[in-house]
Structures are given as structure tokens and as C-alpha cells.
Amino acid sequence: MKRKALWFIWILLLGGIFYYNVQAQQGNFDPSNMPKNGTITGKVQDGSSNEYVEYAIVSLYKQKDSSLVTGTITDGHGAFSLKELAYGMYYIEASFIGFDKFRLKKVLITPQKPTVDVGDLKIMPAVVNINEVVVTADNNIVEYKIDKKVVTLGQDMTSAGGTVSQALENTPSIEVDIEGNVTLRGSSNFKVLIDGKPSVLQGSDALEQIPASSVHSVEIITNPSAKYDPDGAAGIINLVMKKQKQRGFNGVINASVGTRNKYDADFLLNARLDKTNFFLGGQYSDRSFYNEGTSERQVYRQDTTFYTLTDREGEFSRDGFSIRAGADYYITDKSTVTLQGRFRKRNFARIFDNTFTEYNNMEDSIIYYLEDNNASDKEHEFDLSLDFRKEYTNPLHELKASVFFSQEVESETEAINEQYTDPEWQPLFQNTSVNRSFEERTEKQLRAQIDYVHPFNEHTKFEAGFQSRWDMAKADYNFEDYDTVRNDWITNNELSNKLDYLDAIQSIYGIYTGKLGKFGYQGGLRVEYDNRYINQITLDEEYRYEKLHFFPSFYITRELPKNMQLQLSYSRRIDRPRERDLNPFKDYMDNQNIRVGNPSLSPEFTNSFELNYQIPFKKNLVSFEAFYRHTNNVITRYTEYDTINDIFIHTVNNADKDYSSGGELMANINITRWWLFTLSGNIFYYSLSGENEGEYITRTTTSWGGNTNMIFKLKWDTRIQLMGMYRGPSVTLQGERKGFFFTNFAIRKDFLDRKLSVTLNVRDIFRTGKFSFTSEGSGFYTSQEMRREAPMVMLSLSYRINNYKQKRNGNNNGNGEEIQEMDFQDGGM
């Protein structure tokens with residue numbers, strides 16, 4: 001009897017298990033009454049580039065009735081985690097703006113396996129059929145994330161054949177003047193990183209010299225956390241270089257030619273084997289840019305006003321090449337070592353012819369003279385980096401270590417030739433003044449860094465890191481005058497000098513991230529010991545700066561319905577004086593201007609607050625940002641007039657403080673499937689206070705600007721882009737800059753199954769881009785207007801090697817939306 005009862009119990013148990021599995025496999029199992037201790041983890045990946053997608057939307061549905069269970073968004077590594085799930089059968093959908101939805105079916109959670117890792121969910125760029133013509137949807141040119149903006153340069157046709165600074169002209173928060181000088185929210189004090197690493201070139205110099213075709217995307221981080229270097233009062237611009245990781249051999253070749261001597265070419269080759277990924281890239285550029293302008297100077301001496309009128313015409317030219325190579329070695333699926341290096345050589349030349357007319361209001365005589373200014377700057381640079389990255393079972397748990405070294409050798413020469421002329425600009429006699437200058441600089445950077453992230457659960461983690469940083473420079477300035485009697489060059493010891501510079505910075509940071517209800521928070525602190533040393537060898541003077549600095553940061557994020565987000569953030573930033581700004585020796589600019597550094601210059605410190613709000617709806621996004629920035633010890637350029645020597649002295653001092661506040665409204669709108677409209681506008685208030693010529697003054701301005709960008713995706717793989725940009729006026733302690741605007745146009749046609757792209761780009765169509773400013777002080781007034789070469793036409797070709805695209809098994813959801821589907825295979829995808 002007992003044996004029969006035991007057999008009966010076993011039959012019931014096996015039958016129940018069989019029925020449970022059958023119902024679950026058929027999707028009829030209702031998990032609502034089961035214990036909720038299941039977890040699903042994974043990552044969302046761009047299937048066309050193998051890059052992980054941040055802020056992708058992940059939704060979980062019951063397999064039985066397609067009812068929504070829960071959802072989340074991916075983090076900075078593309079990772080997601082869905083917790084407190086009942087046992088049963090589900091399917092997952094991953095979506096992102098500009099991509100088809102991806103659906104993973106038959107994801108089963110059981111008591112035997114309550115935690116399921118679904119691996120990488122690959123989403124692909126959306127495909128639209130218009131009258132039987134296939135059009136691939138683009139990512140938005142500007143993608144607005146809660147803590148940064150990401151500019152995808154490959155989507156911006158008006159940047160084809162241009163530099164990174166030109167590509168950023170239509171980017172919110174960025175301003176670019178006609179000379180390529182970049183400011184971030186009105187400030188030129190920002191930090192440039194390349195793949196998260198420092199660059200010897202900084203600011204506008206770096207962005208103006210790197211071709212846009214070699215950059216995948218640009219990350220604009222206006223309020224970085226304590227994890228980042230605190231340099232750059234306005235924030236960080238990080239250039240993410242192109243580097244594919246697809247299996248096999250692939251690559252891209254780009255070439256451009258433009259009006260008035262502009263030539264560019266670059267390539268990127270990639271080979272991915274089982275455990276190793278190799279990449280090799282190179283770039284060549286030879287460009288000339290033509291500028292013209294006028295200026296007026298007034299100098300007041302008692303009852304006499306002296307006038308100097310100048311007409312300027314000339315060209316800037318840049319040529320050079322660079323090559324970079326590297327390899328990723330995948331020790332395991334979770335550990336990677338990357339070794340990469342880069343060598344760059346470039347030449348910069350400036351050739352200007354200036355005509356001067358001098359007179360005063362008390363005499364009838366007029367003086368005419370010519371000035372030929374020829375300057376060149378040659379440099380070569382190399383850098384080498386070694387990186388290690390290890391991920392643990394939890395994708396948020398990681399360890400990173402890196403060592404970086406770079407060296408740049410720069411040689412500058414300048415020759416100035418002046419001659420008196422008649423009113424027809426014909427020379428009257430032998431050269432009035434001839435001089436030349438030479439500068440040799442060697443700059444080195446060495447950094448070692450380690451970063452660790454330990455997650456406690458899905459929402460809570462701790463991050464910590466250490467960095468040792470050494471910035472070194474040696475400079476040798478030589479100035480010579482030409483002696484016409486001796487027919488020889490004579491060294492001018494008053495303008496020749498040598499300088500050694502060292503800035504050693506040691507820093508540690510810690511960041512804690514958590515969540516309380518619907519509020520997410522992050523608090524961090526970076527502590528930095530800064531030891532700066534300057535040795536002015538010629539003057540036999542030493543200057544030291546030794547301080548301990550603290551850089552706190554915090555983020556508070558509120559999750560709102562329908563994936564909307566609200567974030568408040570704060571960070572403290574620093575802008576360190578550059579070596580040239582600290583050198584107290586006189587630097588000759590021309591016969592009317594000299595530059596003198598200030599060795600007592602202190603760093604400026606900025607407290608930055610931001611409030612960000614995002615509203616995604618369907619495939620559109622609206623983002624609003626409000627910011628407030630307060631800076632102490634503002635590094636400000638001053639101009640003084642030396643009445644004895646009749647020359648302007650340009651120097652640098654610490655002003656008292658400045659304030660800036662404003663708002664930015666940005667929108668990505670897909671009006672139709674073939675018309676993408678991007679609009680952004682900003683308005684900000686700026687106040688600068690400080691001492692000018694013994695008087696404490698405050699200058700204020702309210703300025704505004706805007707960008708508009710439209711892309712039309714036509715038949716026959718053809719696209720048209722039209723963009724416009726306006727920048728409002730701004731002020732300094734001694735003057736102001738007027739506003740300006742310009743318009744660009746581009747058209748692109750794809751051939752050979754989109755392996756070959758041809759782009760025609762016209763910049764500043766209506767020739768409205770000009771730079772006008774005024775400056776005045778005790779005893780002087782100056783005004784200047786510069787115009788850049790316009791319109792500028794570029795023709796660019798891009799050819800993709802092994803332009804492989806995955807074959808997708810897609811279904812339409814009835815709303816014209818493509819959904820890629822596959823079944824989950826437990827044990828790996």
C-alpha cells in the first residue's frame with residue numbers, strides 16, 4: 001500500500017512539472033501569482049558599429065498576452081537589469097531613436113534559473129521604403145543625453161571635408177568664430193580629450209587640426225563628475241575616434257578637394273580575428289584659407305588724436321600628415337588589453353600683407369607704409385598608450401588601468417618687413433625695419449591612472465580612482481634685428497629668453513551612486529595636489545605654485561512617466577594658466593604690439609550648476625537645459641598703451657569674478673520619414689567684474705543664438721542638408737564683439753550599394769560670416785573686422801571596404817515600424 005501511494009505521488013509530481021513546462025513553453029503560463037525574485041540582465045548594442053547604446057529603452061512583456069510588465073533604460077555601458085520578476089515566459093523589446101525595434105522572444109525564468117543573462121541585443125539603423133526605394137534612417141546628428149550631448153559627425157554632411165571645429169558650428173552650446181576659435185557656452189576654457197585621453201594640443205588648436213572624417217562622434221560634457229580631470233572651466237569636449245570591431249577585414253577611405261587649394265585624404269583599416277583586433281589609420285591634409293579685414297586705432301594725447309588705419313589681406317595654410325595604429329587583445333570575454341600609438345607632423349604658415357595709414361587731427365601730413373608678415377610653425381608629435389579593462393560577472397563591475405605618454409617638439413619662426421611708401425603704396429627707400437623670431441618648444445605629458453567600479457546592486461555603486469600627471473615644457477625664444485649697415489642679423493637680448501616649466505598633479509577621487517524611490521543620486525569628490533614650477537632662466541627667477549584643491553560634484557535625477565527625466569547637477573572646475581601666459585618676458589608681436597606674461601597668475605575656479613529636462617515622444621526628443629556658472633579669479637586679457645614707446649602691451653591678469661546663466665532648448669523632430677528637423681536656441685546673461693586701470697568696473701550683456709538643421713532623405717540614395725547658425729554679441733572688460741550668422745548647404749549621393757558616397761558641401765553660402773569687435777581703455781580705442789573666405793566649396797568621396805550589413809529577419813508592426821525578432825537561446829546568443 002505504501003509503495004502504491006509513493007508511486008502515485010511521483011506521478012502527480014512529474015505530471016505537474018510536465019504541465020508547468022508545456023504551459024510555459026506555449027506562453028500560456030501566467031506568472032502573476034509566482035514569487036517575484038527573477039532577474040533579467042543584458043546589454044543593448046548598435047549592430048552596425050558594435051558600440052553599446054546608452055539610454056536605450058528596454059521593455060519587458062508577458063509572452064501570453066503581450067501585457068507590459070516593466071521597463072528601464074540602459075546605462076553608460078549599454079547595460080540593463082530588470083528585477084523582481086515572477087517566474088514565467090517573457091519577451092523583451094529594445095528601442096532607440098533612429099533604430100528599428102529588436103524583440104527577443106521566449107525568455108524563460110524558472111525556480112531552477114531565476115537569473116537570466118540575455119547577452120547583447122543588437123539594434124539596427126531603421127530602414128524606410130519610399131516608393132520602393134530603400135532609405136536607411138540616420139542617427140540624429142546631435143543626440144541629447146541627460147549628462148552630455150553626442151554629435152555624430154558621419155551624419156552631418158556639411159562637415160564633409162572639414163575639420164572638427166567646422167563640424168561643431170551647428171552644435172548647441174558651441175560657438176565657432178570665423179577664425180575657427182571655439183567657445184563652449186561663451187568660454188574658451190574647455191578641455192579636449194581624444195578617446196578619453198589628453199591631447200598635447202588644446203582648445204581650438206586641437207579641434208581645428210583634426211579632420212572630421214577621422215572622428216566618429218564628439219561628446220560635449222558641460223558638467224563633468226569628479227571622475228574626470230577638473231581642467232576646463234566650461235567642461236570637456238571628448239573626440240571619439242573611428243575604430244571598428246566587426247569581425248573580418250573592413251575599412252573606409254575618404255578624400256576631399258576644395259576651392260582655393262584645399263586637399264584632404266584619410267583612411268582607416270580594421271582586421272578582427274578571434275582574440276585580436278588590429279586597426280591602422282592615416283591622414284594627409286594641405287589647406288589654405290584666405291582672410292581679409294580692416295582695423296582702426298585711435299590714440300589720445302592731450303588735444304591730439306592719432307589715427308592708424310589698416311587693411312589686411314592674406315592666408316593661413318596648414319599641411320601635414322598623421323598615422324595611428326593599435327591592437328586590442330581579448331584575454332578573455334571579460335578582459336581586454338589595448339596598445340595604440342600615433343605620430344603626427346604638421347606645418348602651419350601665415351602670410352599677410354598689411355597697409356598702414358597714419359595721421360592726426362592737428363597736422364596735414366600722412367604717413368603710408370607696408371608690412372609683410374610671414375610666420376611658420378612646424379611641429380611633430382607622438383603619443384603612446386597602454387590600457388587594460390576587466391569586466392566581472394556583473395557588467396557594471398569593472399577595473400580599468402592606463403598609462404599614457406606624449407611628446408611634442410615645436411619650432412616657430414616669424415619675419416616682419418616694413419617699408420615706407422607713397423600714397424600708391426610704392427616703396428620710397430630701403431626697408432624701414434626688418435626682424436625675425438625663433439621659438440623652440442618641447443612639451444611632454446606623462447599620466448598613469450587606475451579606475452575601479454564596484455556595484456552593490458542595480459542602482460547602487462561605488463567608484464574610485466587615482467591619477468598621477470606630469471606636464472613638462474622647455475622653451476627657447478630668440479629675437480633678431482637686421483642691421484643694414486653690417487648686413488647681418490643681430491640678437492636682441494631684450495626679447496630673447498629661455499624658460500622651463502613643470503606642473504605635477506596627483507589626484508584621487510571617489511563617487512557613490514544610489515537611488516531612493518524614483519530619485520537617483522550621485523555624489524563625488526576629487527582631491528588634487530598641484531605643484532607648479534617655472535624657471536625663467538634668462539632672468540634667473542623662479543616661481544612656484546603649490547596648493548591642495550577640492551572638486552566636489554553631485555547629480556540628482558528624477559524619473560518621470562513616459563521615460564522623461566529631470567536632472568540637477570553641480571561640479572567645480574579649474575582653468576590653469578598656460579606656460580606662455582606665465583612667462584614674464586616680452587614677446588614681440590609686431591611694431592605696434594608686444595605680449596607679456598604674468599608669473600603670479602592664479603588658476604580660475606568655476607562653480608557650475610545645471611538643470612536638464614528631457615521629453616522623448618515616439619522617435620522625437622525635446623531637451624531643455626538651464627545653467628548657472630560662477631567663476632572666481634577670471635583669467636582675463638588686458639591691453640595697455642605705452643605712451644613713451646608708442647606701443648600696445650597685451651598681458652593677462654586675474655579679474656575678480658564673472659557670472660553667466662542661461663537656458664538652451666533643443667529638439668530633434670522627425671517630421672516625416674524623409675524629413676528630419678533639428679532646432680536649438682539659447683539665451684544667456686553674462687556679467688564680468690574686475691579692476692581695469694585702477695577702476696573697479698562691471699560689464700554685462702544678454703546674448704542669444706540659435707541653430708537650425710534640416711535633412712531631406714530623397715530617392716536614389718540622395719540626401720540634402722541645409723543648416724543655419726546665429727551667434728549674438730558678447731562683452732569683455734574692455735570691449736565687445738558683434739553678432740554674426742552664416743548658412744551651409746550639402747548634398748550627398750550614395751553609389752555601389754552604399755559603399756561609395758559623394759558629397760558636395762558649400763559653406764557660408766551668402767558670405768555673411770564676419771568677426772567684428774572693439775576695445776577701449778585709457779588713451780586708446782581700437783576696432784577690427786575680419787572676413788573669412790566664402791563661399792567655400794568642398795567635394796568629398798568616401799569608400800567603405802567590405803560594407804557588410806547584417807541580414808535582418810524583420811516584421812512590420814502595422815504602424816510602418818520595423819521590428820527585428822529572434823528567439824532566445826539559453827546559454828548564449
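How many aromatic pairs does a search of the whole structure find? The search finds 24. Rings of Phe, Tyr and Trp (its six-membered ring) pair if their centres lie within 6.5 Å; planes under 30 degrees apart count as stacked, over 60 as edge-to-face and the rest as tilted. Take Tyr628 and Tyr659: their ring centres are 6.5 Å apart and their planes meet at 35 degrees, so this pair is tilted. Tyr628 belongs to strand S35 (residues 620-632) and Tyr659 to strand S38 (residues 657-672), so the pair ties together parts that are 31 residues apart in sequence. Strands (E, at least two residues) are DSSP runs, numbered from the N terminus.

This is a predicted model, in which local features need pLDDT of at least 70, side-chain atom pairs count only at pLDDT 80 or more, and totals for chains, interfaces and linings use all residues. Residues are numbered from 1 along each chain as its sequence is written, and side-chain values use heavy atoms, with hydrogens and water left out.

Back to the rings. Tyr628 and Tyr659 form one aromatic cluster with Phe554, Tyr570 and Phe609. Tyr628 is partly exposed, at 35% relative accessible area. Tyr659 is partly exposed too, at 25%. Buried means under 20% relative accessible area, exposed over 50%, and partly exposed in between (1.4 Å probe, protein chains only).

**Strand S31 and its partners**

Is S31 largely enclosed or open? Eight of its eleven residues are buried, so S31 is largely enclosed by the rest of the structure. S31 runs antiparallel to strand S30 (residues 541-559), joined by seven bridges. Two strands pair if DSSP finds at least two bridges between them. Five residues separate the strands of this hairpin, where Lys562 takes a positive phi near 60 degrees. Arg558 stands opposite Leu566 in S31. Arg558 also lies over the face of Phe519, at 5.2 Å from the ring centre. A charge sits over a ring if NZ of Lys or CZ of Arg is within 6 Å of the ring centre and within 35 degrees of the ring normal.

Strand S34 (residues 604-617) is joined to S31 by eleven bridges and runs antiparallel to it. There, Glu604 is the bridge partner of Asp575. Asn612 lies in S34 and counts as buried at 3% relative accessibility.

**Salt bridges**

The structure holds 41 salt bridges. A salt bridge is a side-chain nitrogen of Lys or Arg within 4 Å of a carboxyl oxygen of Asp or Glu. Here are some of them.

| Pair | N to O distance |
|---|---|
| Arg469 and Asp231 | 2.8 Å |
| Arg287 and Asp264 | 2.6 Å |
| Arg350 and Glu414 | 3.2 Å |

Why does the pair of Arg469 and Asp231 tie together parts that are 238 residues apart in sequence? Arg469 lies in strand S26 (residues 461-483), while Asp231 sits in the loop between strand S16 (215-221) and strand S17 (235-241), so the pair links those parts. Both Arg469 and Asp231 are buried.

Arg287 lies in strand S20 (residues 276-301) and Asp264 in strand S19 (residues 262-272), so this pair ties together parts that are 23 residues apart in sequence. Arg287 counts as buried at 4% relative accessibility. Asp264 counts as buried at 12%.

Arg350 is in strand S22 (residues 335-360) and Glu414 in strand S24 (residues 398-421), so their pair spans 64 residues in sequence. Arg350 is partly exposed, at 23%. Glu414 is buried, at 15%.

Conventions:
Helices (H or I, at least four residues) and strands (E, at least two) are DSSP runs, numbered from the N terminus.
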